Amino acid sequence: MLQTRTEPLKTIGSYWEASVPPQKQDRQLIGNAVFEVAIIGAGYAGLSAALKLAQSGISVCVLEAEHVGYGASGRNGGFCCLGGTTLDERQLIRKFGLEEARKFVAYQVAGINLVEQRLNEWQCDAGRHSQGEMYLAHRIKDMASLGAHATFLKENFGIKARLLSKEDLSAEGYGGPGFHGGLHLPYGFALNPMAYVQALASEVRRAGAKIFGKSPVTGLTRDGDRWHLETEHGFVRARKVVLAGNGYAREDTPKWLHGRTLPVMSSIRVTRPLSDAELEAQGWTADTMSADTRILLHYFRLLPDRRFLFGTRGGIFENAPALAAMEKRADADFRNMFPAWSDVDTEYSWYGHVCLARNLMPFVGRCRA
């Protein structure tokens with residue numbers, strides 16, 4: 001069935017969807033089109049690439065299976081921070097050397113600065129808050145590791161991280177029975193990810209690029225000097241193709257992509273607004289984006305409207321039993337970590353895909369079969 005202008009967008013029940021104005025419904029690709037570059041995926045990566053290309057005078061289109069921000073870019077916890085890889089800085093140095101590791105960290109800082117610059121230039125109200133990020137030790141013995149990490153970051157990358165004791169945490173509004181200290185990194189901020197991705201899409205359209213919604217790519221083949229991208233109701237021919245689907249990409253388009261990425265589940269819940277008394281009862285009044293030191297970490301923050309966001313990592317299966325188990329585990333973890341809020345209602349909950357690569361590193365560059 002062809003998409004009409006009045007067909008409702010497919011939603012996931014997230015707080016981000018409810019907190020922004022209704023977004024533009026990009027038309028479906030009907031018929032055939034020719035562009036210099038075709039991009040698959042209307043998230044941060046795809047839209048940023050489209051914006052750069054369109055501003056350089058290159059004809060470009062973005063093909064999206066649902067709508068702007070439907071995937072991870074509109075579902076994530078809204079942490080604009082360091083952490084572009086699962087490997088830590090020591091592992092990066094062992095694998096690539098100190099200078100390359102420094103370049104990678106600098107690249108991440110540049111990315112944070114770019115998002116901030118865009119929000120300022122576009123006058124986008126994305127609910128920015130949080131001066132940096134806090135890592136909380138969930139075990140007493142983890143404090144030694146955090147202290148050593150702070151020294152390591154300063155000596156090798158010039159990052160001045162601040163170590164906080166359990167008493168410091170309580171004094172600064174990071175109260176919780178399971179937090180034994182913390183490490184504050186001075187880079188990054190929190191934001192509403194859906195507000196940002198919508199603003200990014202608006203700039204892409206303004207620059208002259210085309211975004212096609214409800215247009216999943218079902219086939220990708222080489223046709224002479226161009227690529228042929230099939231969709232349900234048409235196709236695009238392009239000299240270059242950018243794959244930007246991340247954890248929402250079809251693994252069989254192209255076939256050689258199969259098995260190269262692993263989508264894993266991540267869930268988020270957002271409470272109702274909390275009162276002053278409830279915040280004081282828990283001892284959590286800071287608005288810093290935070291995460292604990294678990295391998296399957298929890299991530300959380302107090303939002304500008306005083307709701308509390310709590311996210312957890314899940315498993316690799318997306319069937320009903322696995323999702324129910326993830327929800328049950330998230331509920332238990334929230335109650336254990338924030339016992340004063342055990343009876344506080346959750347008003348929004350949703351989940352999405354976090355994409356892992358084989359080498360636990362991000363990939364940007366030319367793909368080879």
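Modeller: Apart from neighbours within four places in sequence, N156 is in contact with L98 and R102, where contact means heavy atoms within 4.5 Å. This is a predicted model, in which local features need pLDDT of at least 70 and side-chain atom pairs count only at pLDDT 80 or more, while totals for chains, interfaces and linings use all residues. Residues are numbered from 1 along each chain as its sequence is written, and side-chain values use heavy atoms, with hydrogens and water left out.

N156 sits in helix α6, residues 142-157; helices here are DSSP runs of H or I with at least four residues, strands are runs of E with at least two, and both are numbered from the N terminus. N156 counts as buried because its relative accessibility is 19%; buried means under 20% relative accessible area, exposed over 50%, and partly exposed in between, with a 1.4 Å probe and protein chains only. A polar atom of the N156 side chain lies 3.0 Å from the backbone oxygen of F152.

Now for the nonpolar packing. The largest nonpolar core holds 63 residues, of which I39, L47, V60, L119 and L191 touch the most other members. Helix α8 (residues 193-206) gives the most to this core, with 8 residues. Such a core is a set of buried Ala, Val, Leu, Ile, Met, Phe, Trp, Tyr and Cys residues joined through side-chain atoms within 4.5 Å.

D26 and R205 meet through their side chains in a salt bridge at 2.8 Å, N to O; the term means a side-chain nitrogen of Lys or Arg within 4 Å of a carboxyl oxygen of Asp or Glu. This pair links distant parts of the chain, with D26 in the loop between α1 and β1 and R205 in helix α8, 179 residues apart. D26 is buried at 8% relative accessibility, whereas R205 is partly exposed at 23%.

Another salt bridge joins E327 and R269, at 2.9 Å. Here E327 belongs to helix α10 and R269 to strand β12, 58 residues apart. R269 is buried at 4%, while E327 is partly exposed at 35%.

How values were computed. Polar contact = N/O pair within 3.5 Å; in protein donor to acceptor, adjacent residues only side chain to side chain.
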